[in-house]
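Hi,

Here is the structure I promised to pass on. Have a look at it first, and then read my notes below.

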Amino acid sequence: MPLPVPKVAFVAGCNGVSGNAITEFLIRQPTEEWSRIVVTSRSPLKNYWQDPRVEFLPLDFLDPVATLIPKMQHVCKDVTHAYFAAYVHTDGFEKLRELNVPLFENFLTAIDTVAGQSLQRVCLQTGGKHYGAHLGPTEAPLHEDMPRYDDKGENFYYVQEDFLFQLHAQRKWSWNVIRPNGIIGFTPGKNGMSEAITLALYMIVCKELGKTPQFPGNKYFYNAVDDQSYAVGLADMSIWATTHEHTKNEAFNHTNGDMFIWRYFFPKIGKYFGLDIPVQTEWTELGEDGKYAHSIRMGEWAKDKDVVWKSMCEKYGGNREAFSWGTWKFLDWSVGKAWPTVSSLSKARKFGWKRYDDTYQTWVETFRAFENAGVLPRNYSYQSSLGASGFEGGGKSC
């Protein structure tokens with residue numbers, strides 16, 4: 001009996017949190033399963049992998065397909081599994097479609113053309129915005145059988161999916177769509193949506209200023225149940241879904257498998273950095289009317305803090321440019337909701353998905369990855385003391 005033919009992966013968006021995690025996951029798999037791993041990004045490679053199977057191909061999928069195909073022809077002709085984790089971020093929801101629809105359509109058209117009959121599976125990563133959870137109250141938990149909402153033509157996930165389905169109907173390859181909630185994970189550079197690095201910067205700058213971090217959202221969400229997706233677990237699900245026959249042509253939600261409440265979780269994150277954050281009892285925003293509400297606008301808070309960060313890097317280490325990596329408006333969106341946005345894992349469980357990740361540990365592992373990469377100062381909780389910067393600011397709250 002002949003041995004199975006090894007698979008060849010093509011990962012778009014390898015500089016992002018999800019694409020980096022998929023690449024990291026694949027290099028931990030045996031060569032007998034994955035013989036080559038082609039990774040690509042619009043921006044220069046931020047990471048490097050010692051695994052000789054990895055080959056970086058600089059591509060911008062906003063370029064015309066006619067210019068992409070010649071660049072991919074020799075490297076990607078034997079690709080069997082294509083993973084789309086690329087994303088162009090803008091803080092305006094209405095502009096996301098005009099950027100991200102051609103990004104995916106050009107990716108899929110190009111890899112379908114170049115790989116041809118070799119292509120077996122295409123994986124598209126979308127997210128909770130598929131269910132309208134970014135707009136206001138919706139059914140909870142979010143589940144894969146929910147009908148599409150009236151998006152007024154703005155939800156680019158629907159256009160991406162429809163293009164995937166239409167091309168699939170004319171081909172032999174199969175597809176999967178993976179829908180994570182807020183993703184926690186590492187990438188060694190600026191990323192469009194990175195809640196972990198953003199909250200870390202907020203916490204440690206507050207500590208350096210001698211102030212207590214305040215939950216930037218509202219009272220409702222502070223006391224609400226929430227969930228998240230660890231990039232490592234998300235990568236695991238993506239590979240699991242695309243390498244089993246019974247999971248083909250299915251969409252799956254992804255979360256860690258547990259839930260948390262910010263009232264208790266926010267102080268735990270603070271404790272990692274040596275902060276004692278008491279339960280918050282005073283609020284300027286209650287979040288009682290089902291609309292976004294923010295006690296602190298993080299973009300406003302961050303405007304004058306870069307100088308503090310650079311001073312900290314001189315004392316404790318860290319990347320002087322990292323403060324600009326904070327995705328402050330995204331953090332506003334993440335914690336400013338006044339409605340639940342948890343997702344159901346029931347479908348994935350029924351199909352055999354068994355992984356579970358402890359959400360607090362995923363934050364700790366992500367912080368340590370940033371520390372090991374020299375982005376955040378190592379052992380900051382031990383090196384620093386409250387108010388060590390000498391910078392002045394009024395009040396006890398950050």
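**What I found**

Let's start with T23, which sits in helix α1 (helices are DSSP runs of H or I with at least four residues, strands are runs of E with at least two, and both are numbered from the N terminus). Before going on: this is a predicted model, where local features need pLDDT of at least 70, side-chain atom pairs count only at pLDDT 80 or more, and totals for chains, interfaces and linings use all residues. Residues are numbered from 1 along each chain as its sequence is written, and side-chain values use heavy atoms, with hydrogens and water left out.

T23 is buried, at a relative accessible area of 0% (buried means under 20%, exposed over 50%, partly exposed in between, with a 1.4 Å probe and protein chains only). Which residues does T23 touch, leaving aside neighbours within four places in sequence? They are V11, C14, V39 and W49, where contact means heavy atoms within 4.5 Å.

Seven strands make an open, parallel sheet, ordered β3-β2-β1-β4-β5-β6-β10; two strands pair if DSSP finds at least two bridges between them. At the edges are β3 (54-58) and β10 (250-254), each with a single partner strand, so one side of each has no neighbour in the sheet. Inside it, β4 and β5 pair over four bridges, and F84 has L124 in β5 as its bridge partner.

Cheers
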